[in-house]
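Keep the 3D view open as you read.

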Amino acid sequence: MEPSSTDLQTCKVRADAPLVIVDVDEVLARFMHGFGTFIARHGFELRFDRYALFQNIYRPGETEHLDLIAGRMLFDDFFRDGSGDLLPAIGAADALADLSGRADVVILTNAPEHGRQSRARWLKTHGFDYPLVINSGPKGPSAADLASRTSGPSVFIDDLLPQLDSVATSAPAITRFQMVADERLRPLAPADPERHTRIDLWPELKTAIELKLFL
Ligand SMILES: [Mg+2]
C-alpha cells in the first residue's frame with residue numbers, strides 16, 4: 001500500500017468541522033531560504049532567477065547551473081538532514097493555532113518519503129502539531145477525499161499553481177488560497193488570482209480563511 005494512502009486513511013477529520021488543508025514548503029516553512037543555507041554549507045549557491053529548484057543551484061562564479069542529478073542529490077540530502085536550516089514562515093504557527101480552535105487542520109505535503117521523520121519532527125518543533133499526510137503528485141484527489149469527510153467548508157493553501165489547479169479540478173467547492181512565503185520568490189511565482197486568491201502574509205491570510213470558514 002502507498003504510504004500516502006495510509007496517511008489519508010488514518011487521518012481524522014471531524015464530520016461537521018470546517019477544514020484547513022495546508023502545504024508545508026513556502027507556506028509553513030521557508031523552503032528556499034533553508035535550502036539555500038544548506039547548499040551554501042556544501043559550497044553551492046542558490047540564485048533566484050526563476051520559480052524552479054534544480055535550475056537555480058550554481059557553483060559560485062559559474063554561469064551554468066549545476067547538473068540536475070547533482071541538484072537532485074542535494075535536494076534529497078536536504079530532506080533527510082537539512083531541517084535544522086529550515087525556518088518557519090512568519091505568523092504561520094500563530095495563525096494555525098488560532099484557526100485550529102474552530103477548525104480541523106491537516107498538513108498535506110509532497111515531501112519525499114525518506115524525509116518523513118525529519119519533516120514530522122520539524123513540524124512538531126515549530127508548533128505545527130497537526131495530522132500529516134505525505135502525498136505525491138497532484139494534491140486534488142487527496143484534498144477532495146479529506147474535504148468529503150466533513151459537511152463543513154474547506155480551504156486549501158499552497159504556493160504552487162499546478163496544485164491549486166489540481167484542487168480546483170478535483171474539488172471545486174474547496175476555497176483555494178495561494179501563499180508564497182519567500183519575498184524573493186513572490187514576484188516569480190506563477191499565479192491566477194481570479195481563480196485562487198493570492199495572499200502572501202499569514203495574518204491577512206488567516207482573516208480571509210476565517211471569512212470563508214466561520215461566517
Ligand atoms: Mg509548497
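What follows goes from the domains to the core and then to a single helix.

Keep in mind that this is a predicted model. The chain is divided into two parts: domain 1 covers 3–30 + 87–213, while domain 2 covers 32–85. Taken over C-alpha atoms, their centres are separated by 25 Å. Where the domains meet, 18 residues of domain 1 and 10 residues of domain 2 take part in the contact. On the domain 1 side, these are 9 nonpolar, 3 polar and 6 charged residues.

Now look inside. In soluble globular proteins, nonpolar side chains tend to be buried together. Here the largest nonpolar core has 53 residues, and Ile 21 and Ala 143 touch the most other members. Helix 2 (residues 31–40) gives the most to this core, with 5 residues. Both domains take part, as the core draws at least three residues from each of domain 1 and domain 2.

Finally, turn to helix 7, residues 161–170, whose buried residues are Gln 163, Leu 164, Ser 166 and Val 167. Why do these residues lie on the same side of helix 7? Because they cover an arc of only 155° around the axis. Pro 162 and Thr 169, on the other side of helix 7, are exposed. The buried residues of helix 7 pack against helix 6 (140–147), strand 6 (154–158) and strand 7 (175–178).

Key:
Residues numbered from 1 in each chain as written. Predicted model: local features only at pLDDT ≥ 70, side-chain atom pairs only at ≥ 80, totals over all residues. Buried ≥ 20, exposed ≤ 12 C-beta atoms within 10 Å, placed from the backbone. Helix = DSSP H or I, 4+ residues; strand = E, 2+ residues; numbered from the N terminus. Arc of directions from axis to C-beta. Contact = placed C-beta atoms within 7 Å. Core = buried A, V, L, I, M, F, W, Y, C linked by C-beta atoms within 7 Å. Domains from an automatic or database assignment. Nonpolar A, V, L, I, M, F, W, Y, C, P; charged D, E, K, R; others polar.
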